[in-house]
Amino acid sequence: VERNRGENEFHQAVHEVLESIGPVIEKHPEYAEQKIIERICEPERQITFRVPWEDDRGEVHINRGFRVEFNSALGPYKGGLRFHPSVYQGTVKFLGFEQIFKNALTGLPIGGGKGGADFDPKGRSDREVMRFCQSFMTELHRHLGEYTDVPAGDIGVGGREIGYLFGQYKRITNRYESGVLTGKHLSFGGARVRTEATGYGCAYFVREMLAARGRSFNGMQVVVSGSGNVACYAMEKVHQLGGTVVACSDSSGYVYDENGIDVELVKRLKEVERARIGDYVEHRPAAKFVADRSIWEVPCQVALPSATQNELDAADAAQLIASGCIAVGEGANMPTTPDAVRMFQEAGVAFGPGKAANAAGVATSALEMQQNASRDSWSFEFTEQRLEQIMKDIHARCYATADEYGMAGNYVAGANINGFTNVADAMLRLGLI
Ligand code: NDP
């Protein structure tokens with residue numbers, strides 16, 4: 001705590017992993033002897049930099065850029081970039097730390113990293129976003145490479161931003177190195193299903209958790225928080241799997257539509273018009289918009305928190321449990337506070353942590369890297385089949401690992417232990433690095 005003062009989210013993420021791995025350390029004293037925990041908690045490299053840019057009126061702004069290259073035992077650093085005014089060192093470190101274990105859990109050869117800036121893209125013109133991305137990449141490019149560090153999107157960084165970032169990388173390095181960023185448009189090395197991946201994968205993971213209890217999405221009322229990339233495609237897949245999403249949100253409030261959220265409309269509002277979720281009711285008068293209240297007051301059987309960290313607390317968990325919620329899948333990273341997680345587990349709610357439930361985004365990014373390396377482009381169907389299988393495997397791995405350690409059904413323990421041991425074993429074999 002002293003070494004990383006003020007980085008509260010980072011402490012929270014480390015605490016959650018360490019809480020799970022006590023039995024592993026007992027079984028493997030070599031991890032303690034070789035100080036694996038101390039090593040794994042210290043990033044291999046952290047970069048902080050100035051991002052100067054000019055707005056449309058000619059005013060100069062200075063933002064702070066970050067990249068934390070946390071662990072490369074299993075492969076090049078891999079993890080998204082977040083542009084949000086709340087971003088600081090502690091955000092990037094918590095996300096980077098989580099990313100190490102999530103990536104290990106996919107079974108694919110990728111290390112863990114994360115980055116971003118305290119830049120707020122909201123209300124900015126396309127040209128302003130472009131100038132910001134160009135300035136950001138002008139510094140970051142020297143730390144990247146398809147064998148070194150491969151960023152992707154996250155909150156505030158979607159297809160538009162990845163395009164500007166890749167354009168600037170290409171320009172200043174004079175290299176068409178398509179494997180250096182993932183989440184690219186199809187016309188310059190992007191992969192099919194990357195846009196849909198995280199949300200689809202989260203729905204698949206929850207389907208597996210439900211199936212393990214003899215249930216399915218059929219007839220289920222579902223609530224999804226957020227209305228960004230993860231939320232939109234989680235809603236789309238839930239509908240395909242037979243559930244009905246009745247509410248979604250953004251930072252201004254939530255919409256409730258008892259007939260089922262019109263996902264195409266949300267996509268158009270958020271991806272094309274860059275409007276607010278409240279505008280939904282102008283197109284669907286039967287729906288209602290509720291400003292500044294927690295979306296978790298809406299009764300549901302399945303909850304998919306897919307907006308941001310710590311958005312679902314103990315009071316929300318109590319409401320969800322009382323309303324008959326039987327499964328929670330984290331589309332976002334660490335959206336559920338530790339006490340809320342405990343409440344769900346004690347109430348017997350199937351709880352899928354982000355490391356497992358939202359791993360399809362990074363897994364499909366790794367598939368994009370494979371396609372870039374072999375100059376190939378796979379079909380939608382083939383890629384989605386691979387994604388679905390990866391999610392089934394992750395579910396099975398978490399389930400079996402928790403079972404092996406006497407904690408059957410505890411996906412938090414399963415994900416942490418499986419991810420941790422994969423990385424720890426590789427670190428032991430690589431020597432003191
Ligand atoms: P987007 O920027 O596309 O969407 C974010 C959504 O969450 C928006 O609806 C936004 O509302 C809302 N939101 C963001 N911050 C806050 C906040 N502080 N309070 C309330 N609502 C907020 O991001 P993504 O969908 O890509 O990411 C969502 C989550 O999923 C993040 O935790 C991210 O780390 C995680 N994730 C994303 C992956 C991906 O592939 N994109 C992969 C794995 C995890 P508003 O517009 O009002 O800000």
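**Setting up.** I am working with a predicted model, in which local features need pLDDT of at least 70, side-chain atom pairs count only at pLDDT 80 or more, and totals for chains, interfaces and linings use all residues. I number residues from 1 along each chain as its sequence is written. My helices (H or I, at least four residues) and strands (E, at least two) are DSSP runs, numbered from the N terminus.

**Domains.** I looked up the domain assignment, which gives domain 1 (8–176) and domain 2 (197–348) for the protein chain. Such bounds come from an automatic or database domain assignment. Taken over C-alpha atoms, the centres of the two domains are 26 Å apart. I then checked the contact, which takes nine residues from domain 1 and seven residues from domain 2; residues are in contact if their C-beta atoms, placed from the backbone, lie within 7 Å. On the domain 1 side, α1 (8–20) and α5 are the elements giving two or more residues.

**The five-stranded sheet.** Next I traced an open, mixed sheet in the order β1-β2-β4-β3-β5; strands pair if DSSP finds at least two bridges between them. Its edge strands, each pairing on one side only, are β1 (45–54) and β5 (149–152). Direction ignored, neighbouring strands here are turned by 20° against each other on average. Strand β3 (residues 77–83) runs parallel to β5, joined by four bridges, and I found Tyr77 opposite Asp149 in β5. Helix α5 (residues 89–105) lies across β2 (60–71), β3 and β4 (112–117), at about 150° to β4. For such angles, axes are lines fitted to C-alpha atoms, for helices over the stretch in contact, and values run from 0 to 180 degrees between N-to-C directions. Helix α6 (residues 126–140) also packs on this sheet, touching β1, β2 and β4, with its direction at about 145° to that of β1.

**The seven-stranded sheet.** Which order do these strands take? I read β9-β8-β7-β6-β10-β11-β12, again an open sheet with mixed pairing. The edges are β9 (288–291) and β12 (350–352), each pairing on one side only. Strand β11 (residues 327–329) pairs with β12 in the parallel sense over three bridges, and Gly329 faces Gly352 in β12. I noted two helices here: α8 (residues 194–212) lies across β10 (302–304), β11 and β12, at about 150° to β11. Helix α9 (residues 229–240) lies across β6 (221–224), β7 (244–250) and β10, at about 175° to β7.
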